[in-house]
2 protein chains.
Amino acid sequence: MINDLAEKILRSEKAAIARGISLVENESPQASVLLKKLYKNTGRAYLVGITGPPGAGKSTITNSLTKLLRAKGHTVGVIAVDPTSPFTGGALLGDRIRMQDSGTDEEVFIRSMATRGSLGGLSRKAKEACEILDASGKEFIIIETVGVGQSELDIAQTADTTIVVLVPESGDAVQTMKAGLMEIGDIFVINKSDREGSEALGIALRTMLHLKMTRESDRETPVVKTVASRGKGIDELLDLILRHKDYLAQKGKLESKRRENLLKQINELVNHRLEHKFWTAEKKSQLDEKIALISGREITPYDFVDGLFTDK
Amino acid sequence: MINDLAEKILRSEKAAIARGISLVENESPQASVLLKKLYKNTGRAYLVGITGPPGAGKSTITNSLTKLLRAKGHTVGVIAVDPTSPFTGGALLGDRIRMQDSGTDEEVFIRSMATRGSLGGLSRKAKEACEILDASGKEFIIIETVGVGQSELDIAQTADTTIVVLVPESGDAVQTMKAGLMEIGDIFVINKSDREGSEALGIALRTMLHLKMTRESDRETPVVKTVASRGKGIDELLDLILRHKDYLAQKGKLESKRRENLLKQINELVNHRLEHKFWTAEKKSQLDEKIALISGREITPYDFVDGLFTDK
């Protein structure tokens, strides 16, 4: 059954890709069987991460970029890391569902993944979902994140090119720096650039970028203005992505970047497995027994954890 | 030496508190010795979490609230979870340093903690820093986070009362919901409420709050307007915090909330320890040996990790 699924994914069948990602998302034991089978067919897709504060228009940028890539004949996969809706338990898909449904385009695959629940798990699962899209032959994979916290930054950084989307009203440049966005962007987008404050944000950004706060010191980090809702500036953005792709390839940096991400991925796999193995029924019942004493401050959590490790 | 430090912390000596938090931050082996000693003196402080998008004025709210609490005779501790500055390697303290330095007030302790590096570690360390402040006798501890990602949300949620700060320009209410903020707020603040759009944001927020998306279904989640830079609305905010405190106490919810946080803390301690134990020199060298083969897709990371667990 997994062999069959893997073959269908390699043939880029949409339903199979969706099922594969669901296995990953639900932490099915079959997920790792599938991922092992697909792994040798991965590494060919180019990963683009899109992050920035809520309301900056990341989904609109993602949609416009996807359309442009399709227009140029490229196959595209999109993983949108969305928080779970409190109403439905599903992801807040918004216009994404509409985009997905309206298109019968076989060469685009769009999927939202929820953040609720496991924190570390999300980053791991998002990467595994990218592997499935990669194996399916998508040439470009866009990973879009909703928040601007550490976990989202981590996900955005697993991309080959990371795009930070800002808007004039997202506050001054210092706030952007505070949120940790300055350091991770390979390309900065000032979206909704027809609004007031876009000039000032552009100047502040460029000033900060000149201070060499970015990953690559031998490269000028570009800033591009867009009005994504009207498709303005998207051509230029794609051009900048492709130039960054060439830059990484020429400098041999793509390989080192991917190796670093692989190390992180291995670490996440290990942590997940360790946690799962550690909490035996016996240890869980010890916790149940002692939690009242720890709450009552008769036992410290530190001593309790010491005990879990020495008992064996 | 740790005995001495613990006693000084219990006497609320600033230098000792600072040293204790540094031990925690640097993951010194002495940190757990200290925390074990202090634990029975914790649980008395009331924890207030402040979160929201970058630029919403969280630091200003924290500062105003601290001043007001002091004016009312309460002792206060502040942990600001800040990203590390790319320039100095230290935390971006901003006006916080000034506030700290200008005051010789012995009853306030303010500390920034950096997010760079360990993701899970930050949440654990922030809580441990709160334990030190708690043991030192601070009646109120404010935990302020900079980002709005999952890890920051987790930290903000370890508080007894979680305040979500928004500004009219932080985008529409749907964006707030998307960022996961709606569900975690016990109190919502519309800061910079003298700006355009504050009415609309207030209406949207209240509408969404009526849909019962919050943690407590038997309580109306309040929305308060502030202009923190001018101290406007801070009295009302404190009043709402104290009312929420009473509510939790009356309903017996404070205890259950804290027990839940304790379980999370134990989990974090376990994960940290497991990871540390797992990566022996031998396993690290196995990784070094095989990483090129994994990068080259001759071995999958999944099979490699399987191997690390079966070898023993």
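Me: At roughly what angle do the axes of helix α1 and helix α3 of chain B cross?
Reply: In this predicted model, α1(B) covers residues 2-10 and α3(B) covers residues 29-38. Their axes come within 10 Å, and the angle at which they cross is roughly 50°.

Me: Why are α1(B) and α3(B) described as they are in orientation, and what is the term?
Reply: The two axes cross at roughly 50°. Angles under 35 degrees count as roughly parallel, and 65 to 115 as roughly perpendicular. The two helices are therefore described as oblique.

Me: Is the crossing of α1(B) and α3(B) left-handed or right-handed, and which residues make the contact?
Reply: The crossing is right-handed. On the α3(B) side, the contact is made by B:Gln30, B:Val33, B:Leu34, B:Lys37 and B:Leu38. By class, the contact has seven nonpolar, one polar and one charged residues. From α1(B) it involves B:Ile2, B:Leu5, B:Ala6 and B:Ile9.

Me: How many residues of strand β5 of chain B are buried?
Reply: Strand β5(B) spans residues 161-166 and is mostly covered. B:Thr161, B:Ile163 and B:Val165 point one way, B:Thr162, B:Val164 and B:Leu166 point the other way, and all are buried. The number of buried residues is thus six of six.

Me: With which strands does β5(B) pair, and in what sense?
Reply: Strand β1(B), residues 46-51, pairs with β5(B) over four bridges, and B:Thr51 stands opposite B:Val164. Four bridges also join β5(B) to strand β6(B), residues 187-190, where B:Ile187 stands opposite B:Ile163. The partners are β1(B) and β6(B), and the sense is parallel.

Me: Which residues of α12(A) make the contact with α11(B)?
Reply: The axes of α12(A), residues 281-295, and α11(B), residues 253-278, come within 11 Å and cross at roughly 115°, in a right-handed crossing. From α11(B), the contact involves B:Arg258, B:Arg259, B:Leu262, B:Leu263 and B:Ile266. By class, the contact has six nonpolar, one polar and two charged residues. On the α12(A) side, the residues are A:Leu287, A:Ile291, A:Ile294 and A:Ser295.

Me: What percentage of the residues in chain A is buried?
Reply: Chain A contains 13 helices and seven strands. Of its contacts with a separation of 6 or more, 74% are between residues 24 or more positions apart. Among the 312 residues of chain A, the buried share is 46%.

Key:
Residues are numbered from 1 along each chain as its sequence is written. Chains are lettered from A and ligands numbered from 1 in the order in which they are written. This is a predicted model: local features need pLDDT of at least 70, side-chain atom pairs count only at pLDDT 80 or more; totals for chains, interfaces and linings use all residues. Axes are lines fitted to C-alpha atoms, for helices over the stretch in contact, and angles run from 0 to 180 degrees between N-to-C directions. Angles under 35 degrees count as roughly parallel, over 145 as roughly antiparallel, 65 to 115 as roughly perpendicular and the rest as oblique. A crossing is left-handed if the near helix is turned anticlockwise from the far one by less than a right angle, and right-handed if clockwise. Two residues are in contact if their C-beta atoms, placed from the backbone, lie within 7 Å. Ala, Val, Leu, Ile, Met, Phe, Trp, Tyr, Cys and Pro count as nonpolar, Asp, Glu, Lys and Arg as charged, and the others, Gly among them, as polar. A residue is buried if 20 or more other C-beta atoms lie within 10 Å of its own, exposed if 12 or fewer, and partly exposed in between; C-beta atoms are placed from the backbone. Two strands pair if DSSP finds at least two bridges between them.
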